[in-house]
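Reader: Before I use the labels on this model, I want to know what each one rests on. Please take me through them.

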Amino acid sequence: MSYTTPIVRLGVIGAGWFASRRHLPDCQKTSTLSLTAISRRDAEARQKIADHFGVPSEKAFADWTEMLEAVELDAVLIATPHALHYEQAKAALERGLHVLVEKPMALTSQEAYTLLDLATQQNRLISTTLNPPFWAHCHAIRQTLREGKIGSLESATMYWTGSAAALFGRSPLPDSLPGVVRPTLYRADVELNGGGYFIDGGSHLISQLLWLTDLKVKRVSAIMDSLPSDSRIVVSFEMENGATVSLNSIGDSQSSVRRVNHLFGTTNGTISVQDFDFKTTIHIQDEGPRTFREADLPPVSTPVANFADAILGRDSLYSSPEHGAYVVRIVEAIYESARTGKTLVLTD
């Protein structure tokens with residue numbers, strides 16, 4: 001007796017540079033998912049993506065709404081400029097499709113929670129492709145924190161710097177960028193991007209803090225170098241358990257990428273993460289340090305593979321809709337604090 005493996009038919013809204021370097025290759029590696037159709041306004045880039053990933057020309061659309069009308073799909077991946085996420089995700093959910101959306105889920109918390117509610121009403125999944133839920137070292141850290149091995153969180157620091165100047169149109173794009181097509185520079189458009197550097201890369205930092213600790217934010221205070229097109233930010237948080245957190249993020253650094261995070265527990269336990277190979281040291285009192293890198297750990301499912309498994313009932317979403325919406329809420333509060341110069345108190 002033979003069995004047919006269920007296949008999730010996926011359409012891509014915004015088949016561009018980032019999708020071509022990450023999500024579309026992952027689609028080809030996921031046996032339970034079929035890359036069925038794509039949409040992209042630019043004709044030359046659209047055909048190049050279609051040819052590279054084996055999508056028939058008749059399934060490659062200039063207009064994403066036409067793709068939703070013309071092709072039988074189970075789900076969509078949205079990888080368009082941030083300001084378009086809400087409209088596109090809402091339209092897909094209303095058609096009964098599951099939605100995997102690039103970060104941020106939406107530009108405002110009102111939009112994000114509207115999508116969450118709509119997904120619940122439609123009995124469909126919506127997930128945001130934030131990085132931390134798909135990093136193996138983050139799974140190891142989260143498990144350590146949940147087991148109380150360093151006590152409860154007392155304090156944390158997050159220091160991430162690098163340069164995204166080229167993606168914001170402030171310096172030439174390198175010739176060596178991965179991906180099938182070149183990136184557009186929508187991030188240089190404050191309206192399309194929904195802000196500056198922090199709403200883009202900073203969403204992952206907020207995801208990391210929230211996903212690792214399972215804590216809500218009680219108070220937030222932020223300073224940005226310029227608004228609305230920020231490049232540098234310092235944020236202070238008070239978490240619901242009283243823990244204090246400082247975050248320093250620089251998107252126009254003249255130096256190489258530097259990433260250093262520390263989490264301090266109440267029982268003299270400390271967790272540190274350094275550099276882009278995510279060298280992680282977990283130091284538990286009376287046990288000594290344990291050090292590993294991302295490459296030392298079993299790989300975690302990719303966003304598209306986890307999404308397909310969740311649709312088929314084989315797994316739960318690593319990046320839940322509640323997590324994606326709450327990240328939007330905290331990023332929104334950070335921008336409001338920076339604009340007003342006030343410390344914001346969050347009520348829930």
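**Strands and rings**

Author: This is a predicted model. Strand β11 and strand β12 (residues 270-274) pair in the antiparallel sense over five bridges.

Reader: Why are β11 and β12 said to pair?

Author: Two strands pair if there are at least two bridges between them. β11 and β12 have five bridges, with H262 opposite S272 in β12. Four residues lie between the two strands of this hairpin, and N268 in the turn has a positive phi of about 70 degrees.

Reader: What makes W135 and W160 a stacked pair?

Author: By the rule used here there are six aromatic pairs. For W135 and W160 the ring centres are 6.4 Å apart, within the 6.5 Å limit, and the planes stand at 25 degrees, under 30, so the pair is stacked. W135 is in the loop between β6 and α6, and W160 is in strand β7, 25 residues apart.

Reader: How do you know whether F276 and F278 are buried or exposed?

Author: F276 has a relative accessible area of 55%, over 50%, so F276 is exposed. F278 has 5% relative accessibility, under 20%, so F278 is buried.

Reader: Why is W160 called buried?

Author: The relative accessible area of W160 is 11%, under the 20% cut-off, so W160 is buried.

How values were computed
Residues numbered from 1 in each chain as written. Predicted model: local features only at pLDDT ≥ 70, side-chain atom pairs only at ≥ 80, totals over all residues. Heavy atoms only, no water. Phe/Tyr/Trp six-rings, centres within 6.5 Å; stacked < 30°, edge-to-face > 60°. Buried < 20%, exposed > 50% of the residue type's maximum accessible area, 1.4 Å probe, protein only.
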